[in-house]
Amino acid sequence: MGSRSIAVLATLDTKMEEATYLKRAIEKLGMPAMVFDVGLGGGPHGLASVSAEEVANSGGSSVTELRSSHPRDSAMRIMGEGAGRLLKARHEQGALAGTIGVGGNQGTAIASIAMRMLPIGVPKLIISTVASGNVRAYVGECDIAMMFSVGDLLGGPNPVTANILAKGAAAIVGMARAEAPSDQAQTSNLIAITAFGNTHRAVLLAMQRLAEAGWRVVPFHASGACGSAMERLVEEGAFEGVLDLTIHELLGELYPEDIYAPVRQGRLTAAGRLGIPQVVVPGGLEYFCFGAPQTVPRELRARPTHYHNPYNTNVRTSYEELYRVGTVLADRLNSARGPVAVLIPVLGWSEVGSPGGVLHDPRANAGFVEALRKHLDPKITLQEVKASINEPAFAKRAADVLLAFLDCKSAKLLATSAVPARGTTGKSKK
């Protein structure tokens, strides 16, 4: 395979001039570029290195079929998935340096679907007319950079959009050429940990304990996308253990009015499915997160409330809501193939949910614990610790339980490797 190139994703029936501009700008900066036509408006187009027909075929269809018998949203999804498979194949061949998309709603949707199929770390950038709005649905748990086009991408580059396109081309080339610092390139011996501002002290203390034991720790903010990204990276084999100190995203999955929804379905399942040791703590479950105070649903406004900042309002969860969360958590952990422990800091699960905090409510928290007692497999460790989550003793205990799991796993691996295979003596044959 030749040198690595930047893939330019565009609907050439509507964004031919912009795609041409991007390709030339990228190549002027010394990086090869190839254009993927992801549009359905007709063709072929001479600019395309990969035609719309090839993209549609990769998605399991054809341009004619998509135009004649598929709803628009279905056709966009198939084109995105087709482009994603082609990009992934190029990446696996070592031929993809990065990818840049350009478009409005349609082009952004297709490009984002395609880019989300690539591993985290592959450079991804979309120049879009919708990038100044809520782009959570496009980005998901992936590392897609979004750049607002400012002007409409219509009629070719103009004095406003040409400047944006040129900067976008420079950005994707810079990302493609950038290398991780050597001291951060190590990808083994990693543990994932989840955090909130209200569990910050516990996370720092646990990270310190794990680092002292020789582990590198990667924190993820439990704000929907980060926890989902952690689940994805666990599935990709990035981590050897998970200290899930802050599992607020379960609320977002079960109660989508929470500001951190949408959450990738299946939070707290990846580690169990792969048999990776995990310790789970109900950090951040005492409250829903909303935006500014006026965004709180009317039916919840009478509940105890913490005003975290002008744009983040925390509203107390109830016994019934937490019982439901505990039931779902138990069901997910019961199917885990590796070691699991659930640790409950009885005095509080966050800074504001501990004694003296406005959201401190042991009775409501009891709903979660009672659900676990009823539904959690007895073989899974359930420890109730008379402490709040941010007390040093609790944070260290949580880290130590995970370390014990990891030590046990390492010992089993060593024992397995030391035992000769059945039917052999362990001696090498001459």
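Which helix gives the most to the lining of the largest cavity? The tour reaches it at the second stop.

This is a predicted model, where local features need pLDDT of at least 70, side-chain atom pairs count only at pLDDT 80 or more, and totals for chains, interfaces and linings use all residues. Residues are numbered from 1 along each chain as its sequence is written, and side-chain values use heavy atoms, with hydrogens and water left out.

**First stop: two helices**

Select residues 12-28, helix H1, and residues 161-177, helix H7; helices here are DSSP runs of H or I with at least four residues, strands are runs of E with at least two, and both are numbered from the N terminus. Their axes (lines fitted to C-alpha atoms over the stretch in contact, with angles from 0 to 180 degrees between N-to-C directions) come within 9 Å and cross at roughly 45 degrees.

Now show side chains. Glu-18, Tyr-21, Leu-22, Ala-25 and Ile-26 of H1 meet Ala-162, Leu-165, Ala-166, Ala-169, Ile-172 and Val-173 of H7, where contact means heavy atoms within 4.5 Å.

**Second stop: a cavity**

Select Met-230, Glu-231, Val-234, Val-242, Asp-244, Arg-267, Leu-268, Ala-270, Ala-271 and Gln-278, which line the largest cavity. A cavity is a set of points on a 1 Å grid over the protein atoms alone where a 1.4 Å probe fits but cannot get out, and lining residues have an atom within 4 Å of a point. Helix H9 (225-235), strand S8 (241-246) and helix H11 (270-274) are the elements giving two or more residues to this lining. H9 gives the most, with three residues.

Definitions and conventions. 1 Å grid on protein atoms, 1.4 Å probe; cavity = no way out; pocket = protein on both sides within 12 Å on 5 of 7 lines; lining within 4 Å.
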